[in-house]
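Here are some notes to read alongside the structure. Take them in any order you like, and keep the 3D view open as you go.

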Amino acid sequence: MEPESGPPRSSTPPVPPSLGNRTGAAGASGPASNGRRRYNVLVVGGGNAGISLAARLRRYGVRDVAVVEPSGRHLFQPLFSHIGGGTAEAAEAVRPQESVMPKGVTWIPDSAVDIKPETNTVELASGIRLSYGHVVVCPGLQLDWHKVPGLAEAMESPHASSNYVYELAPKTWALLSGLRSGTAVFTMPSGPVKCGGASQKPMYLACDYWRQQGVLSNIRVVMVVPTPTVYGVPGVDEELNRKIAEYGIELRCNSEVTAVDAAARAVQIHDAASGSSESLTYDVLHAVPPQSAPDWLKSTALPASGDDGGFVEVDPETLRHPRYPNVWSLGDAAGTKNSKAGAALRKQTTVLAKNLKAIIKGEEPKTKYNGYSACPFTVSRSTVVFAEFDDEYKPMPTIPKVAKERHSTWILERDLFPGIYWNLILKGRA
């Protein structure tokens with residue numbers, strides 16, 4: 001999962017500042033001061049994808065690499081669910097961007113607003129234009145709060161939150177831990193989202209907490225998902241359904257929230273299978289907004305024709321653009337079929353780095369991405385169901401029996417993985 005998207009650049013209503021939109025402009029270490037205008041490899045986006053790729057490229061001996069990233073902080077998004085579920089502190093998930101920038105890589109603290117592959121240029125918000133030998137496009141996803149009427153306003157209210165925004169994650173836990181009776185609604189939108197399982201994780205953590213506090217029986221928990229089953233991976237669905245029954249959660253499949261009335265504390269839920277709709281009042285709402293590629297990226301020539309989400313068209317195996325051979329993409333903004341998650345990104349980073357190195361050396365790209373992705377479901381405050389699957393959501397286990405609820409995978413996901421992320425993944429070593 002990558003940093004939150006930048007501010008919308010379309011005519012849609014602006015998102016309230018507290019929803020975590022990032023902004024940035026060229027600073028002292030950017031191109032305005034160093035005078036550079038061309039780079040061998042220009043990476044657009046400094047989240048997990050951009051930083052880990054840049055680090056791996058440097059380890060492979062690729063020189064003259066620059067990263068365009070406006071934010072001065074780097075966020076570790078897998079911890080947002082733990083912050084929202086009360087099993088992590090917010091400070092654990094953030095570090096200065098400068099501290100994670102790989103040695104030998106130039107950081108350009110500015111925002112990309114256009115890419116013109118015909119002229120090999122990237123236009124920045126500051127008005128500066130950069131040229132490149134190769135460009136890697138990985139700006140992450142934008143959160144489209146405006147696509148659900150009333151959703152942005154609800155996030156500003158005292159009864160709704162989302163673990164998809166760093167600033168709101170602590171509010172999520174404050175609301176969930178303070179609930180002693182009433183109705184808690186958890187939602188997931190249709191379409192591509194980053195780490196889709198993260199919409200469910202605070203729910204399971206909260207249910208286990210409520211059970212420990214002796215109030216779970218007083219709370220109606222409703223989970224709204226757009227999919228025919230709770231997640232879609234055989235074996236994993238069975239484990240999640242067992243926990244759903246254990247906690248007494250009402251699961252609404254093939255359903256989606258289409259509107260929110262913050263004043264009335266009500267959500268409108270549409271059931272695609274039956275065609276019916278209902279209004280459900282809540283005491284706490286945890287919502288995940290619809291998501292898409294950044295608006296500026298949608299308006300470039302990089303998405304495939306007819307792709308309304310605006311994702312960069314790539315060969316799903318080599319991650320190279322089929323029409324522009326010096327354009328590459330990985331992570332959430334890439335037009336691949338896999339579930340958009342950090343586990344998929346780890347595989348993609350190695351594939352893209354090896355293929356780009358080969359092209360620079362005058363060789364053909366031979367390394368292929370196999371569609372792998374994974375999601376660790378925190379189904380209690382001490383256990384995890386670790387789902388591994390391919391781009392068709394068929395099980396693709398690399399570790400035996402981890403798709404069962406286990407404490408050992410909790411230790412891996414909660415205790416060990418943050419250190420692996422900061423010290424190995426971002427350094428191109430894992």
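1. Let us begin with strand β21, which spans residues 385–389. This strand is mostly covered, as five of its five residues are buried. The cover is found on both faces: V385, A387 and F389 are buried on one side, and F386 and E388 are buried on the other. Please keep in mind here, and in every point below, that this is a predicted model.

2. The partner to look at next is strand β20, made of residues 373–377. Five bridges join β20 to β21, and the two run antiparallel. To find the pairing on screen, you could look for F377, which stands opposite V385 in β21. V385 is also one of the buried residues of β21.

3. Two stretches call for a more careful reading. Over residues 1–18 pLDDT stays under 50, and the model has 64 contacts beyond four places in sequence for them. Over residues 20–33 pLDDT again stays under 50, with 44 such contacts in the model.

4. Now to a pair of helices. Two packed helices are described by the angle between their axes and the distance between the axes. Helix α2 (residues 48–59) and helix α10 (residues 342–360) have axes that come within 9 Å and cross at roughly 35°. The contact draws on N48, A49, S52, L53, R56 and L57 from α2, and on G342, L345, T349, T350, L352, A353 and L356 from α10. By class, these are seven nonpolar, five polar and one charged residues. As for handedness, α2 passes α10 in a right-handed crossing.

5. A second pair is formed by helix α6 (residues 169–178) and helix α7 (residues 201–213), whose axes come within 10 Å and cross at roughly 35°. Here α6 passes α7 in a right-handed crossing. On the α6 side you will find W173, L176 and S177, which meet P202, A206, Y209 and W210 in α7. Sorted by class, the residues of this contact are six nonpolar, one polar and no charged.

6. There is also an open sheet of three strands, with the order β14-β15-β16 and antiparallel pairing. Which strands stand at the edges? They are β14 (255–261) and β16 (277–281); each has a single partner strand, so one side of each is left without a neighbour in the sheet. From one strand to the next, the twist averages 30°. Between β14 and strand β15 (residues 266–271) there are six bridges, and V260 stands opposite V267 in β15.

7. Is T318 buried or exposed? T318 sits in the loop between α9 (295–298) and β19 (327–329). T318 counts as buried because its relative accessible area is 13%, and the cut-off for buried is under 20%. Leaving aside neighbours within four places in sequence, T318 is in contact with W328, V351, N355 and T367.

8. Last, a look at L130, found in strand β8 (residues 129–137). L130 is buried, with a relative accessible area of 0%.

Terms used. Residues numbered from 1 in each chain as written. Predicted model: local features only at pLDDT ≥ 70, side-chain atom pairs only at ≥ 80, totals over all residues. Heavy atoms only, no water. Axes fitted to C-alpha atoms, helices over the stretch in contact; angles between N-to-C directions. Helix = DSSP H or I, 4+ residues; strand = E, 2+ residues; numbered from the N terminus. Left-handed = near helix turned anticlockwise from the far one by under 90°. Contact = heavy atoms within 4.5 Å. Nonpolar A, V, L, I, M, F, W, Y, C, P; charged D, E, K, R; others polar. Buried < 20%, exposed > 50% of the residue type's maximum accessible area, 1.4 Å probe, protein only. pLDDT = per-residue confidence, 0-100. Pairing = 2+ DSSP bridges.
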